[in-house]
Amino acid sequence: MPADKPIPLVGRLAIQLKMLTPEEVKRAIGESTASGNPRLAQVFLQMGLLDREQIAKLQKVQKGLVEKHRARKAGAGEAAPAAARPVVEDAPARPPVIEDTTAPSTAADPNDAAMHAAQVASPMGGADVDALHETPSEVAKPAPPIAAPSPPPVAAQSAPAAQPQPPVAAQSATAAPTAQAPAVPQAIVERDGPPSLELAIPTPGDADRHKLEAMLRLGVDQKASDVHFHAYGPLKHRVAGQLHVTEDGVDGEFVERVVVSSLDEVQRQVLRDEGEIDFCLDLPGIGRFRANAYRQQRGLDAVFRIIPEEPPTLESLGLPEELAKYTDFHQGMVLITGPAGCGKSATMAALVNHINETREDHILTVEDPIEIIHPSKNCLVNQRHAGHHTASFSRALRGALREDPDIIVIGELRDLETISLAMTAAETGHFVLATLHTANAVRTVNRMIGAFPSNEQDQVRAMLSESLRAIVSQRLVPNAEGTDRIPALELLVINRAIGNLIRDEKTTQIRSSIQTGKAHGMYLLEQSLNDLVAEGKITRETALDLAEEKKLITAGA
């Protein structure tokens with residue numbers, strides 16, 4: 001990026017809050033320039049660099065700083081005439097800060113950790129320097145009353161209420177950046193979060209809803225794991241890991257109406273604004289489904305994951321009963337990991353069900369959305385839907401520490417804040433169960449550590465070596481007949497030796513420790529695959545396809 005073109009305020013905040021690296025921000029600016037989209041926050045979202053929760057936090061901090069800057073400029077106008085006001089040297093080179101402001105309408109929370117982080121960050125240059133160096137309480141104060149004359153709005157921003165309005169031309173000469181800043185569209189200012197995509201959503205009828213229910217019932221009857229609806233494409237079911245066409249040549253507009261018929265009015269508005277939505281659908285007499293509806297090039301699509309009505313057991317999932325002993329902890333963290341669609345949620349549900357039947361504790365789950373319903377048995381079970389029952393995973397976890405749980409179940413460790421809070425909960429006398437999208441146990445450890453800034457990683461290694469109890473890494477493998485899928489596991493148990501390797505930054509040695517740690521209950525994925533081949537449950541070819549070290553697959557040779 002050229003030296004004379006500073007990073008916009010929203011980008012600098014993302015760097016200083018450690019949400020993004022400078023390289024990621026520069027890449028997003030390049031994409032913004034190439035696509036002609038001036039809203040950098042929206043580009044962050046579209047590129048998958050930040051999620052909605054992070055964007056909202058970023059915009060909340062940005063709005064607080066912009067409002068404080070406006071208030072200070074207005075206050076300066078009371079002490080000196082506009083013509084005598086000093087001009088900041090680098091102000092003309094800065095892009096208008098209002099351009100990236102797509103913030104919520106509420107004032108910034110003075111206790112917000114993100115606001116505090118921004119205020120103690122290094123100076124940002126130009127008119128932002130004074131705003132960043134104020135205390136949290138000062139930044140949170142509303143701006144002093146300013147007269148609101150008739151347009152142009154620039155005059156209202158620059159002139160204090162106690163003075164008559166100067167000519168617009170005079171203001172433009174002395175405060176060029178503010179005068180030149182384009183007005184923020186009202187829809188962006190009023191909406192909480194990123195700007196709406198304003199997608200066209202069709203209106204479904206009764207026939208569309210009947211088609212939806214018929215297709216989902218067929219998927220349940222065929223023991224499919226997923227039911228796919230694709231606009232201007234075939235309808236498909238995933239059975240035993242393979243996609244099968246169930247209906248072809250379906251009218252694309254009809255499929256779009258079928259997709260929308262699964263949503264209520266609030267969910268349709270979210271889809272219209274954001275282009276996608278996660279939700280759960282309960283159909284009495286048919287089943288329960290975890291779903292995602294999204295907009296793609298041809299139109300609206302949706303994928304429905306079939307969820308069992310009753311919590312599964314380890315036996316019903318084909319998992320070894322020895323996993324049950326990893327639910328006996330009263331403090332620490334057990335992670336269930338693997339790629340998408342490998343059965344992590346089902347395995348964790350089976351472990352939660354085992355706890356529910358064998359212990360007398362308080363289980364608190366945070367999920368998005370709630371998948372398998374756990375009725376209270378021996379335990380008291382409370383399930384919370386992030387985004388509905390609570391604002392986010394991180395907000396729910398902060399609250400959980402004051403809600404007297406014994407076991408905290410986290411549907412997914414999505415970001416740094418959630419990982420940090422999970423580790424804190426595990427260290428403060430709670431047993432934490434969570435899932436993470438990683439391929440094996442060693443990568444899970446590295447992912448947990450790598451989520452933190454480099455200057456904090458030594459402390460994180462020490463915390464993780466003390467709080468982590470076990471990692472169960474899972475794959476679903478086609479059986480020898482090709483009629484179903486069965487689990488293959490990799491199991492890492494954190495003993496003193498493994499803890500030392502984590503603490504001493506020697507995670508590359510963990511794999512060999514797992515391979516030789518059978519006496520401690522540990523084994524590699526390849527060892528699990530080899531056992532399945534020896535038992536005739538899967539083919540050798542399947543095992544070789546999934547093995548990283550193919551030489552460990554010795555059975556069936």
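Q: In which sense do strand 4 and strand 5 pair, and over how many bridges?
A: This is a predicted model. In it, strand 4 (residues 276-283) and strand 5 (residues 287-295) pair in the antiparallel sense, over 8 bridges. Within this pairing, isoleucine 277 stands opposite alanine 293 of strand 5.

Q: How many residues lie between strand 4 and strand 5 in their hairpin?
A: The hairpin has 3 residues between the two strands, and glycine 285 in the turn has a positive phi of about 85°.

Q: Which residue of strand 6 stands opposite asparagine 292?
A: In a regular strand, side chains alternate between the two faces of the sheet. Here, strand 5 also pairs with strand 6 (residues 300-307), in the antiparallel sense and over 8 bridges. Asparagine 292 stands opposite valine 303 in strand 6. A hairpin with 4 residues between its strands is formed by strand 5 and strand 6.

Q: What span should helix 17 have?
A: At 1.5 Å a residue, the 12 residues of helix 17 (residues 416-427) should span 16 Å; the end C-alpha atoms are 17 Å apart, which agrees. Just after helix 17, glycine 429 takes a positive phi of about 95°.

Q: What covers the buried residues of helix 17?
A: The buried residues of helix 17 include Ile419, Leu421 and Met423. Among the elements covering the buried residues are strand 7, strand 10, helix 18 and helix 19.

Q: Is arginine 461 buried or exposed?
A: Buried means under 20% relative accessible area. Arginine 461, found in helix 19, has 9% and is therefore buried. Leaving aside neighbours within four places in sequence, arginine 461 is in contact with residues including Ile449 and Glu505.

Key: Residues are numbered from 1 along each chain as its sequence is written. This is a predicted model: local features need pLDDT of at least 70, side-chain atom pairs count only at pLDDT 80 or more; totals for chains, interfaces and linings use all residues. Side-chain values use heavy atoms; hydrogens and water are left out. Buried means under 20% relative accessible area, exposed over 50%, partly exposed in between (1.4 Å probe, protein chains only). Contact means heavy atoms within 4.5 Å. The expected span of a helix is 1.5 Å times one less than its number of residues. Two strands pair if DSSP finds at least two bridges between them.
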